[in-house]
Amino acid sequence: MTGERTIAENREAAGILNRRYRWVTTGTVALVFFSAFESLAVTTVMPVVSADLNGEALYALAFAGPLATGIIGMVGAGTWADRRGPVVPLYASVAAFVIGLLIAGVAWTMDLFVVGRLVQGLGGGGLTVALYVVVARVFPAELHPKVFAAFAAAWVIPSLVGPFISGIVAETLSWHWVFLGVVGLVIVALAMIIPSLRSIERTHGDGARFPARRLVLATLAAGGVLGLSLLGRLPTVGWPLALGFGALAVIAVARLMPRGVLRATHGLPSVIALRGLAAAAFIGAEVYVPYLLTREYAFSPSVAGLALTFAALSWSGASTVQGRIGLRLESVVFVRIGALLILVSTVTAALTAALHLSPVVLIIGWTIAGAGMGLVYPRTSIMVLTYSTTVDQGFNSSAMSIADSLGGALALAVTGILFTVAGSGLWAFAAVFALAVVLSIGASAVAPRVTASVMRG
């Protein structure tokens with residue numbers, strides 16, 4: 001009888017939706033879902049926000065800023081969770097995320113909207129890290145793959161429906177509700193996991209001083225991005241100051257990564273460099289895709305958002321294909337093909353803007369971009385783990401996430417300057433996409449260097 005009971009208990013513990021884990025699973029997945037939804041929704045409705053608040057000059061900063069402050073959130077929440085456990089960092093991150101949503105949702109000026117986005121990014125970055133630690137503390141190791149698979153699905157679904165839904169909300173109600181409407185849902189999702197959080201024991205530090213170095217470096221990197229975005233528009237001294245802040249961001253973040261990333265040294269450094277360049281090219285261009293469609297081709301926000309949906313579908317499809325092929329084909333082959341697809345898509349976008357081609361060309365091109373990212377992202381993740389040991393897996397994985405955020409943030413900071421300087425017309429869009437082409441060329445050049453002559457043990 002005891003043996004039968006043990007077997008039954010083991011079967012029940014095997015699922016992330018059994019009675020013990022049902023609420024914490026639902027809550028954590030919901031938090032990831034809403035974070036992903038907001039990320040994609042903002043891209044869709046930003047043209048409407050910009051027009052309503054007369055905020056064209058700060059359009060790119062509304063995207064670059066949250067990516068930059070997200071780095072601070074990642075580093076701060078990670079350090080806090082290691083020393084005191086994930087509960088308080090999670091509460092603080094959700095609070096910052098919600099406050100950011102509220103500020104952005106009620107904003108009556110673009111300046112205030114950007115402030116809300118900065119706070120939202122700080123909370124979003126910390127939220128991701130804190131949730132991962134919660135998973136490690138609440139779920140047994142054998143359930144971790146299932147939890148992270150659910151997290152991945154929570155990103156896929158918003159990428160398919162988020163742009164269209166947010167566009168409909170902006171058209172029928174107001175863009176304000178794209179932000180305000182999520183606040184209550186986030187609070188409900190957090191409430192679902194509070195009972196499980198109570199069971200997590202608080203970690204006590206070892207008495208050493210708070211390791212502030214990484215947090216200071218993350219803050220310097222974020223400050224560099226913000227300085228680059230804001231100062232590049234000033235006459236005369238603007239560009240030198242902006243370049244100085246951009247250099248500060250790169251130098252600071254380099255200290256948070258393995259040596260050789262800036263030189264794209266063979267092996268792990270090139271993998272992380274490729275990840276940053278691919279993110280920079282894709283994110284730097286993507287936020288202007290619906291903007292171009294709504295402004296120059298008179299698309300509604302919901303229809304323009306379909307371009308992002310098609311890219312998400314191709315991303316998911318390419319990722320599935322590479323997963324089924326597995327190790328029968330070397331990872332370097334996938335990342336070279338993926339980088340080439342991103343290059344083709346950015347060239348297509350630049351030509352569409354410069355020559356005022358049919359919007360269908362842009363939409364098809366951006367679908368190709370999604371496929372490229374669907375090959376590059378999973379394969380670079382695999383290679384980071386391959387080149388890492390048990391001692392530096394966390395550091396290298398963190399470096400890859402930071403490369404994602406900083407690459408996109410720096411690209412958006414520069415595209416914002418280019419867009420304003422170029423006059424905000426078709427040639428401004430062409431200039432933005434041209435920068436993405438340059439970054440894509442860099443990714444294609446680095447892709448062959450991801451292999452190492454000597455594998456690390």
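**Around a buried tyrosine**

Y288 is buried, with a relative accessible area of 1%, where buried means under 20% relative accessible area, exposed means over 50% and partly exposed lies in between, for a 1.4 Å probe and protein chains only. The model that holds this residue is predicted, so that local features need a pLDDT of at least 70 and side-chain atom pairs count only at pLDDT 80 or more, whereas totals for chains, interfaces and linings use all residues. Residues are numbered from 1 along each chain as its sequence is written, and side-chain values use heavy atoms, with hydrogens and water left out.

The chain as a whole gives the setting. Its secondary structure comes to 16 helices and zero strands, taken as DSSP runs numbered from the N terminus, with at least four residues of H or I for a helix and at least two of E for a strand. Of the 457 residues in the chain, 54% are buried. Among contacts (heavy atoms within 4.5 Å) with a separation of 6 or more, 82% are between residues 24 or more positions apart.

Confidence is given by pLDDT, the predictor's score for each residue from 0 to 100; the chain averages 80, and 87% of the residues score at least 70. Over residues 1-13 the pLDDT stays under 50, and the model has five contacts beyond four places in sequence for this segment. Where pLDDT is low, the predicted coordinates should not be read in detail.

A nonpolar core is a set of buried Ala, Val, Leu, Ile, Met, Phe, Trp, Tyr and Cys residues joined through side-chain atoms within 4.5 Å, and in the largest one, with 140 residues, M46, L90, F113, F139, V225, Y288 and F433 touch the most other members. Helix α2 (residues 22-53) gives the most to this core, namely 13 residues.

The structure holds 15 aromatic pairs, for which rings of Phe, Tyr and Trp (its six-membered ring) must have centres within 6.5 Å, with planes under 30 degrees apart counted as stacked, over 60 as edge-to-face and the rest as tilted. The rings of Y59 and Y288 have centres 5.5 Å apart and planes at 45°, and the pair is therefore tilted. This pair links distant parts of the chain, since Y59 lies in the loop between α2 and α3 (61-84) and Y288 in the loop between α10 (268-286) and α11, 229 residues apart.

Y59 is itself buried, at a relative accessible area of 1%. Its ring and that of Y291 have centres 4.2 Å apart and planes at 20°, so this pair is stacked. Because Y59 lies in the loop between α2 and α3 and Y291 in helix α11, the pair ties together parts that are 232 residues apart in sequence. Together, Y59, Y288, Y291, F419 and F429 form one aromatic cluster.

Helix α11 (residues 289-296) is mostly covered, with six of its eight residues buried: V289, P290, Y291, L292, L293 and T294. Y291 has a relative accessible area of 5%. Just after this helix, A298 takes a positive phi of about 60°.

Two further details can be followed elsewhere in the chain. R275 lies over the face of Y377, at 3.8 Å from the ring centre, a charge being over a ring if NZ of Lys or CZ of Arg is within 6 Å of the ring centre and within 35 degrees of the ring normal. I337 is in helix α13 (residues 331-355) and, at 40% relative accessibility, counts as partly exposed; its C-alpha atom is separated by 7.7 Å from that of L375, 38 residues apart along the chain.
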